[in-house]
Amino acid sequence: MDLRGFDAIVTLQSSASQLTSSKDDLVENSAPGRDWWGVAAIAPAMIILLGFLFLFFYGVFQSLTDLKLGRPLVHFIGLDNYAALIKTDDFWNSIRTTLVYAGSAVLAEAAFGLALAKLFATEVFLARVMRPVILLPLVLPPMSVALMWTTMMDPQNGIANYLLSLAGISRFAWISDPNTAMFSLVLIDVWTYTPFFALIIFAGLQGINEEVREAARVNGAKGWATFLHIELPLIAPYILIAAVFRLIESLNQFDIIFGTTQGGPGNSTSVLSVRAYITAFQNLAFGRGATLMVVNWMIVLVGTFAIVKLWRFVRQRVS
């Protein structure tokens, strides 16, 4: 056997083992640094998340106590607050009002948002005029929106009734009448958040391949047929994902409602968030107020879970 060849093989093996050893040492020495940098990067997000979780579970704990301002001792009473709420008509009225408000607002915003998105997909003059100002309602603070619409809907001096009078329509009570207050609040919500739906649906329309529309036209599909059978199924996931965010916001809506009606007239607009605020910070029954917010959270969870399941089903069908 050639000794020089043998020595070369031994030398190569030794070099390879040294290279592998040095690479392992480098990985071992550098890994802790990367881990610490990773921990430092996500630490702020983890702290914020833990803070939210602490506040949430502390609120749940409060709902199981008789916490009230001025009471020296706080007792754990279990589900007594929930049992007491279930027996009251105001509680069920608040649940019904919350569902009506959120459902009506989300459905109306989806319909008007779809119409606006289709308008923006064209090059008509109205679309060019509305595109630059469509985001204006979204950038306004909700409390400012509430105060602005309260002034506009004043039954005596508001501009809304003045504009109706120009069309020959008699004065409208708006937020001053229990029969029209909910309609007025939904109208304000629709004006404020319809652009959110419009932008997301418009993005979905822009993502549709033009060849799909062209194939439908070649096969004889007209405008409405193309929209109903091609465009609408493809943008349905976009509509549903926008509905998820808006449903969460609508079920938790407080600023617009409290800034306009404060839950009135009577209990006609007393949604769960407003009733929880009044119970906790006006009646100073913090335990009972926390109970209302926990119930509101459970309604939000159920509604969101249902729409997400529908979104997954629609997305699979589209795919």
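In this predicted model, helix H6 and helix H8 cross in a right-handed sense. The axes of H6, which spans residues 142-152, and of H8, which spans residues 181-206, come within 11 Å and cross at roughly 130°, and that angle makes H6 oblique to H8. Both helices belong to a protein that has 13 helices and zero strands.

**The contact of H6 with H8**

- On the H6 side, the contact is made by Pro 142, Val 145, Met 148 and Trp 149, while H8 contributes Leu 187, Ile 188, Trp 191, Thr 192 and Tyr 193.
- Sorted by class, the residues that form this contact of H6 with H8 comprise eight nonpolar ones and one polar one, with no charged residues.

**Glu 109 in helix H3**

- Glu 109 lies in helix H3, which covers residues 89-120, and with a relative accessible area of 0% this residue counts as buried, because the cut-off for that class is under 20%.
- When neighbours within four places in sequence are left aside, the residues in contact with Glu 109 are Asp 189, Val 190, Tyr 193, Thr 194, Phe 197 and Arg 246.

**Helix H12 and its cover**

- In helix H12, which runs over residues 272-282, the buried residues are Leu 272, Ser 273, Val 274, Arg 275, Ala 276, Thr 279 and Ala 280.
- The cover over the buried residues of H12 includes H3, together with helix H11 (255-260) and helix H13 (286-318).
- After H12 comes Leu 284, a residue whose phi is positive, with a value near 60°.

**The protein as a whole**

- Read along the sequence, the protein follows the pattern α-α-α-α-α-α-α-α-α-α-α-α-α, in keeping with its count of 13 helices and zero strands.
- Among contacts between residues at least 6 apart in sequence, 67% join residues that are at least 24 apart.
- The protein exposes about 19,500 Å², and carbon and sulfur atoms supply 69% of that area.

Technical notes
Residues numbered from 1 in each chain as written. Predicted model: local features only at pLDDT ≥ 70, side-chain atom pairs only at ≥ 80, totals over all residues. Heavy atoms only, no water. Helix = DSSP H or I, 4+ residues; strand = E, 2+ residues; numbered from the N terminus. Buried < 20%, exposed > 50% of the residue type's maximum accessible area, 1.4 Å probe, protein only. Contact = heavy atoms within 4.5 Å. Axes fitted to C-alpha atoms, helices over the stretch in contact; angles between N-to-C directions. Parallel < 35°, antiparallel > 145°, perpendicular 65-115°, else oblique. Left-handed = near helix turned anticlockwise from the far one by under 90°. Nonpolar A, V, L, I, M, F, W, Y, C, P; charged D, E, K, R; others polar. Areas by Shrake-Rupley, 256 points an atom, 1.4 Å probe, with all protein chains shown as cover.
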